[in-house]
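Have the coordinates open as you read.

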Amino acid sequence: MNETSWTLQRIARGTGIIFIGAVISMLFGFLSVAVIARFFSKAEYGVFSLALTILSVALVIATIGFPNSLPREVAFYREKEPSRIGSLILTALAIVSLTSLTVTAFLVSGSVYVARVFNEERLIYALKVMALALPFSALTGTFVAISQGFGRVREKVYFQNLLYPLLWFSLVEIGVVVKVEFYYVFVAYVIAHVITFFALVTDFFRLGLFKLGSIDLRFGKELVKFSIPLMFTGIAGFVMTWTDTLMLGYYKTSEVVGLYNSAAPLAKLLPIFLNSAGFIYPPLATALYAQGKVEELKRVYQVLTKWIFLATLPLFAMMILFPEATIGFFFGAKYLEASEALQILALGFMFHVLLGLNGWSLVVIKESNFVMYSTLISAIVNVILNILLIPVYGIEGVAVATAISYFTTNVLNSLRLYQKVKVQPFSKNYTKVVVSSLVMFGFVWILHLKVLNIWYAVLVLIVFLAFYFLLVLLSRSVDKEDVELLMAVERIIGIDLGVVRRALERFV
């Protein structure tokens, strides 16, 4: 097996595990929020949401981009200078400890001023308590980033995706059962983070993944220099995430905001496979880049992007072809007005999927500054378009602004990636896959199907996908790596897929 196939198979296995963990985490996260929203008042739920949002921004600042830079740096030094890994890790942990404690102190001491800005006195206590979780959350994320650099997914799934959400949900549920006061929620939040951190650290040192070296100030300076742009990228990304809702609330009513927020969460599900692959991809891609194997990196990028596109296609088809049925099933008939906004948003997020992991690839080749610039440009474009479009077009306008901002950042990142290392996603077979999808979408679009029932939509979708994949086979869009992946899956699950494998081999 060549290195490209080996790398792709490792990414595929890791992506599957991360995807399952992400789904479980999202489920428990949703249940926890639902319990808080139901058991406590709207105002109390609003205080918790506001405090959580402030802490999310504080966490990005406290970790100064290390969750995005460390996977690349650890993987790079494992290839080039493995003897220095211990110093790199201890230096990173020391820096995050210092920055997170500093940010925590600012939050606690400045909670009164923050509460005045939002005219909410209860925010003082909320921030003072919840801020105590920040150092533990920041260090947990740093340890997970370190394990990511070793090409591991276990720590991410076991501790961030499973243990923390389960602890948080259990503690919230216990509070509801014994009928505690609202402020217990903040204490429970801290306890969940503290237990998760100590469980992770205990497991880390039990496994003996690495030996700590000494703190190296030169290492720290280089790491911070590389990571700071990624911190600003995270802040700009956070702005892009929340700008649409905040500006829609400014120009329109809360009812319109609620309408839009039936479409936005659904569309944001589209990159779930892309984001799952994005966890395991950086360290493996860095290893190829550090060895000078750019052609192998290009091939991995192209085949991986094709797999992610195919995996995402059913979700995208449901949203773009049957938006009414999709929104009606999850939110009810009163939200059907958001159907067009869902289609627009789906196009924006699917374009992100279409071009692949361009941002992570730029981090791999140490172009973090450019990632920061492209994200900042897109955030500015987003704000300007919101100002121009929301007063006239409402939720459709904000959806267009969001879609164009994602289009902008992905075009910029992809052009830069091609300029630097000639890596781009459109292999011959991937191009045929994309063209085949356009043909099938065009055919269904011409039929003008108005489907409001989700089960009828699923039935039509199954027929659509069957014809689509037949078209993919007939156009000979199958790569040899696809067959090798199927063989790996066959070995893992212990089920004979020989018939399917032989069928695919005929179309390679």
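## The cavity and its lining

Among the elements around the largest cavity, α10 contributes the most to the lining, with 3 residues. Keep in mind that this is a predicted model. Searching the whole structure turns up 1 cavity of 30 Å³ or more, and the largest cavity has a volume of about 50 Å³. The elements giving two or more residues to its lining are α10, α11, α15 and α18; their residue ranges are tabulated here.

| Element | Residues |
|---|---|
| α10 | 217-251 |
| α11 | 254-267 |
| α15 | 339-355 |
| α18 | 395-421 |

What is the lining like by class? It has 6 nonpolar, 2 polar and 2 charged residues. The lining residues include Met240, Asp244, Lys268 and Phe349.

## Helix α12

Moving on, α12 covers residues 272-290, so to speak 19 residues in all. From first C-alpha to last it reaches 28 Å, close to the 27 Å expected at 1.5 Å a residue. There's a kink of about 45° at Tyr281, shortly before the proline Pro282. Just after α12 comes Gly292, which takes a positive phi of about 75°.

## Ala188

Is Ala188 buried or exposed? Its relative accessible area is 0%, so Ala188 counts as buried. This residue sits in helix α9, residues 184-207. Leaving out residues up to four places away in sequence, Ala188 touches Trp168 and Leu171. As for Ile85, 103 residues apart from Ala188 along the chain, the two C-alpha atoms are separated by 35 Å.

Note on methods. Residues numbered from 1 in each chain as written. Predicted model: local features only at pLDDT ≥ 70, side-chain atom pairs only at ≥ 80, totals over all residues. Heavy atoms only, no water. Helix = DSSP H or I, 4+ residues; strand = E, 2+ residues; numbered from the N terminus. Expected span 1.5 Å × (residues − 1). Bend = angle between axes of the 7 residues up to and from the residue. Buried < 20%, exposed > 50% of the residue type's maximum accessible area, 1.4 Å probe, protein only. Contact = heavy atoms within 4.5 Å. 1 Å grid on protein atoms, 1.4 Å probe; cavity = no way out; pocket = protein on both sides within 12 Å on 5 of 7 lines; lining within 4 Å. Points joined across faces, edges and corners; volume = space filled by probe spheres on them. Nonpolar A, V, L, I, M, F, W, Y, C, P; charged D, E, K, R; others polar.
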